[in-house]
Amino acid sequence: MPAPQNAARRAALVKGASKAKIKALVDLSACTGCEVCIAVCPVPDCIEKFGDEPPNWGVYVNYDICIGCQLCSKDCPWDTIRMVPTGAVEGHTTSLDSQMARTHPVFENPLTVPESARTFIGKGPVTDPVVVNLFQKQNPGLPSK
Ligand code: SF4
Ligand code: SF4
């Protein structure tokens, strides 16, 4: 179990995470909400679940404290997390900002997630070819660009 966060611990995590060259991006279109990633992530509150039942639930990664350890991407039973270069998600607060499709119900009802995670509002789908290519290897069903 990761140790709980306090202000000092979070500040240290943010400092360390700022050096991470890769971040974990959850593809919401394939996430089942099984919470395995949350169980393995060593950083408290880095991956958060939202929604109370399918299809409204999912998880997102807080990029400011993701240290890029890859444990979640290795252990996700549904192979729906990819480690992407930090530069590819620059300016994004969470992996909700980095979705390649805006089909999940959370985009229709942003109140499902805390206010701090609603930074996706007004943004369009991610088209960065680095990100899209990483997920196409995993999920050939994704639309190509
Ligand atoms: S382990 Fe994978 S499928 Fe399960 S909640 Fe995390 S991202 Fe979603
Ligand atoms: S890469 Fe590591 S720190 Fe980042 S979300 Fe996955 S398990 Fe957590």
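1. Helices here are DSSP runs of H or I with at least four residues, strands are runs of E with at least two, and both are numbered from the N terminus. By that scheme, D45 sits in the loop between α2 and β2. Keep in mind that this is a predicted model, where local features need pLDDT of at least 70, side-chain atom pairs count only at pLDDT 80 or more, and totals for chains, interfaces and linings use all residues. Residues are numbered from 1 along each chain as its sequence is written, while chains are lettered from A and ligands numbered from 1 in the order in which they are written.

2. Staying with D45, its phi is positive, about 65°, although D45 is not a glycine. D45 counts as partly exposed because 14 other C-beta atoms lie within 10 Å; the scale is buried at 20 or more, exposed at 12 or fewer, and partly exposed in between, with C-beta atoms placed from the backbone.

3. E35 has a positive phi too, about 75°, and is not a glycine either. You'll find E35 in the loop between β1 and α2 (36–40). E35 is exposed, since it has 12 C-beta neighbours inside 10 Å.

4. Have a look at P54 and P55 as well: the peptide bond joining them is cis, with omega about 0°. P55 belongs to the loop between β2 (47–50) and β3. For background, most residues other than glycine have a negative phi, and most peptide bonds are trans.

5. What does V26 touch, leaving aside its neighbours within four places in sequence? Its contacts (C-beta atoms, placed from the backbone, within 7 Å) are C31, V59, Y60, V61, T80, I81 and S95.

6. On to the ligands, where a residue is near if its C-beta atom, placed from the backbone, lies within 6 Å. Ligand 1 has 13 residues around it, with C31, C34, V36, C37 and C76 coming nearest. Around ligand 2 there are 14, and the nearest are A24, C41, C66, C69 and C72.

7. Finally, L111 is in the loop between β4 and α4. L111 is exposed, with 8 other C-beta atoms within 10 Å. L111 and G51 are 60 residues apart in sequence, yet 9.7 Å apart in space, C-alpha to C-alpha.

Note on methods. Contact = placed C-beta atoms within 7 Å.
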